Amino acid sequence: MGAIGNYCPELLNCRSYAIGPEEQLPDGGAAFAVSVVGQKGDAAAFDFVLQRQEWGLRKGSWQTKSLTRAEGA
């Protein structure tokens, strides 16, 4: 399953999810909270930070810069 499956298994094949409001970051990135219900009914919340790719084949695309479990989740 890999690292993401060990760190945040609720994200894989989740039953449902809700994406919170977007927060614009000073460096041009974006942050938002995501609440999920996993396959087994377990709830979890995560904080995503996205950044635009500045070079290479995927220049201009949004990519995840960080993914952390939300406080208290």
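User: To begin, in which sense do strand E1 and E3 pair, and over how many bridges?
Analyst: Strand E1 (residues 16-19) and E3 pair in the antiparallel sense, over 4 bridges. Within that pairing, Tyr17 stands opposite Val36 in E3. Strands here are DSSP runs of E with at least two residues, helices are runs of H or I with at least four, and both are numbered from the N terminus. Two strands pair if DSSP finds at least two bridges between them. Please note that this is a predicted model: local features need pLDDT of at least 70, side-chain atom pairs count only at pLDDT 80 or more, and totals for chains, interfaces and linings use all residues. Residues are numbered from 1 along each chain as its sequence is written, and side-chain values use heavy atoms, with hydrogens and water left out.

User: How many bridges join strand E2 to E3?
Analyst: Strand E2 (residues 23-24) is joined to E3 by 2 bridges, and the two run antiparallel. Glu23 stands opposite Ala31 in E3. The hairpin of E2 and E3 has 5 residues between the strands, and Gly28 takes a positive phi near 95° there.

User: And what about E3 with E4: over how many bridges do they pair?
Analyst: E3 and E4 pair over 8 bridges in the antiparallel sense. Val36 has Ala44 as its bridge partner in E4, while Phe32 has Phe48. The hairpin of E3 and E4 also has 5 residues between the strands, with Gly41 at a positive phi near 90°.

User: Which strand pairs with E4 over 7 bridges?
Analyst: That is strand E5 (residues 62-69), which pairs with E4 in the antiparallel sense. Arg52 stands opposite Trp62 in E5.

User: Changing topic, which residues make up the largest nonpolar core?
Analyst: There are 8 residues in all: Cys8, Phe32, Val34, Val36, Ala44, Phe46, Phe48 and Leu50. Strand E3 (30-37) and strand E4 (43-52) are the elements that give two or more residues to this core, and E4 gives the most, with 4 residues. A nonpolar core is a set of buried Ala, Val, Leu, Ile, Met, Phe, Trp, Tyr and Cys residues joined through side-chain atoms within 4.5 Å. In soluble globular proteins, nonpolar side chains tend to be buried together.

User: Is E4 mostly covered or mostly open?
Analyst: E4 is mostly covered, since 7 of its 10 residues are buried (under 20% relative accessible area; exposed is over 50%, partly exposed in between, with a 1.4 Å probe and protein chains only).

User: What does Gln51 touch?
Analyst: Not counting residues up to four places away in sequence, the contacts of Gln51 (heavy atoms within 4.5 Å) include Asp27, Trp62 and Lys65.

User: How many disulfides does the structure hold?
Analyst: The structure holds 0 disulfides, a disulfide being a pair of cysteine sulfur atoms within 2.5 Å. Cys8 is in no disulfide; the nearest cysteine sulfur, that of Cys14, is 11 Å away, which is too far for a bond. Cys8 is buried, with a relative accessible area of 0%, whereas Cys14 counts as partly exposed at 25%.

User: How many salt bridges, then?
Analyst: The structure holds 2 salt bridges, each a side-chain nitrogen of Lys or Arg within 4 Å of a carboxyl oxygen of Asp or Glu. Glu10 forms one with Arg69, with the closest N and O atoms 2.8 Å apart. This pair links distant parts of the chain, 59 residues apart: Glu10 is in the loop between H1 and E1, and Arg69 is in strand E5. Glu10 is buried at 10% relative accessible area, and Arg69 is partly exposed at 29%.

User: What is the distance between the closest N and O atoms of Asp27 and Lys65?
Analyst: In that salt bridge they are 3.9 Å apart. Asp27 lies in the loop between E2 and E3 and Lys65 in strand E5, so the pair ties together parts that are 38 residues apart in sequence. Asp27 is partly exposed, with a relative accessible area of 45%, and Lys65 is exposed, at 55%.

User: Finally, which residue has a positive phi although it is not a glycine?
Analyst: Asn13 does, with a phi of about 55°. Asn13 is found in the loop between helix H1 (2-7) and E1, and is exposed, with a relative accessible area of 61%. Most residues other than glycine have a negative phi.
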